Amino acid sequence: MKKFLLLLFVICIITCGCNKKESENDLFAKIIQRDNLIVGIRDDAAPFGFKDEKGNYVGYDVDIAKVIAKNILGDEKKVTFIPVTASNRIMKLGAGEVDMLVAAMSVTNQRQQILDFSYPYYISGQAILVRSSSKASGLKDFEGQKLIIVFGSTSERTLRKNVPGVNVIGYKNYNDAYKALKAGKAEGIVADDTILLNFAIKDKSVKLLPKRYSKEPYAIAFRKEDESRRLLSKVNYIIDDLQSRKKLEKMQEKWHINK
């Protein structure tokens, strides 16, 4: 009997140790234990992520994150939003400050070398925002002129490829880029169309040129580590379910980004 109890005690220790080790190496398990999801979100990229008049995070990306929290933890309120920018979001994810990025982030081959991505939850395209008085019709009209990008975005690559002689000016966020355009510091802003469209709708002194220069699938980013695999799999299931039930379409209609 003593030998049996001793054996049972050893098994319990081993099992507990394995469970603890599994939890330490599994981000999904950590989130369950923490009972809170930590998400990197943009606060300058309306209608994807921004703050309303009360200072609350709102937008399409915010709604996506809330759905994920509800599916994993049973409550959409069990999510903490950490503001990120295009230039610091990968650093914050890598440093472990957030569990994932739902931050209007497009999937590129370069980013896939260092990050894992979920299934896409939106398809955007790069466009040009100019002042309403501009006579430009496309990128070729900006040869030798100044165009604005946001640091950390894929816009500079698009510019260098299509207009080698353009002068690129970078800003940390879209609000600063917009203010610079209004102040006449450049002839236009190159960024994802849905973000630029938000400025054009609210301000008739600027307009969005019709042509699109890329196809930008937005997806949720994770650390490229084994600990993220179960969480990534769960998020993919959630996105696939939202897509199949046309819930993504309804959310896009809500934020006027359906195409």
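Reply: Buried residues make up 49% of the 259 residues in the protein, where buried means under 20% relative accessible area, exposed over 50%, and partly exposed in between (1.4 Å probe, protein chains only). This is a predicted model, in which local features need pLDDT of at least 70, side-chain atom pairs count only at pLDDT 80 or more, and totals for chains, interfaces and linings use all residues. Residues are numbered from 1 along each chain as its sequence is written, and side-chain values use heavy atoms, with hydrogens and water left out.

Me: How many helices and strands does the protein have?

Reply: Helices (H or I, at least four residues) and strands (E, at least two) are DSSP runs, numbered from the N terminus. The protein has 10 helices and 15 strands.

Me: In which sense do strands β10 and β11 pair?

Reply: Two strands pair if DSSP finds at least two bridges between them. Here β10 (residues 146-150) and β11 (residues 167-171) are joined in the parallel sense over five bridges; Ile 149, for one, has Gly 170 in β11 as its bridge partner. With helix α6 (residues 155-162), these two strands form a right-handed β-α-β unit. Right-handed means that, with the strands pointing away from the viewer, the path from the first strand over the helix to the second runs clockwise.

Me: What should I look for in the backbone angles?

Reply: Most residues other than glycine have a negative phi, and most peptide bonds are trans. In this model, the peptide bond from Ala 46 to Pro 47 is cis, with omega near 5°, and Pro 47 is in the loop between β2 (44-45) and β3 (49-51).

Me: Is Ala 104 buried or exposed, and where is the residue found?

Reply: Ala 104 is buried, with a relative accessible area of 6%; its place is the loop between β6 (100-101) and α5 (109-112). By contrast, His 256 is exposed at 65% relative accessible area and lies in the segment after α10 (247-254).

Me: Which residues line the largest cavity?

Reply: On a 1 Å grid over the protein atoms alone, a cavity is a set of points where a 1.4 Å probe fits but cannot get out, and lining residues have an atom within 4 Å of a point. Among those lining the largest cavity are Arg 42, Ala 104, Tyr 174 and Asp 192.

Definitions and conventions
On a 1 Å grid over the protein atoms alone, a cavity is a set of points where a 1.4 Å probe fits but cannot get out, and a pocket is an open set with protein on both sides within 12 Å along at least five of seven lines; lining residues have an atom within 4 Å of a point.
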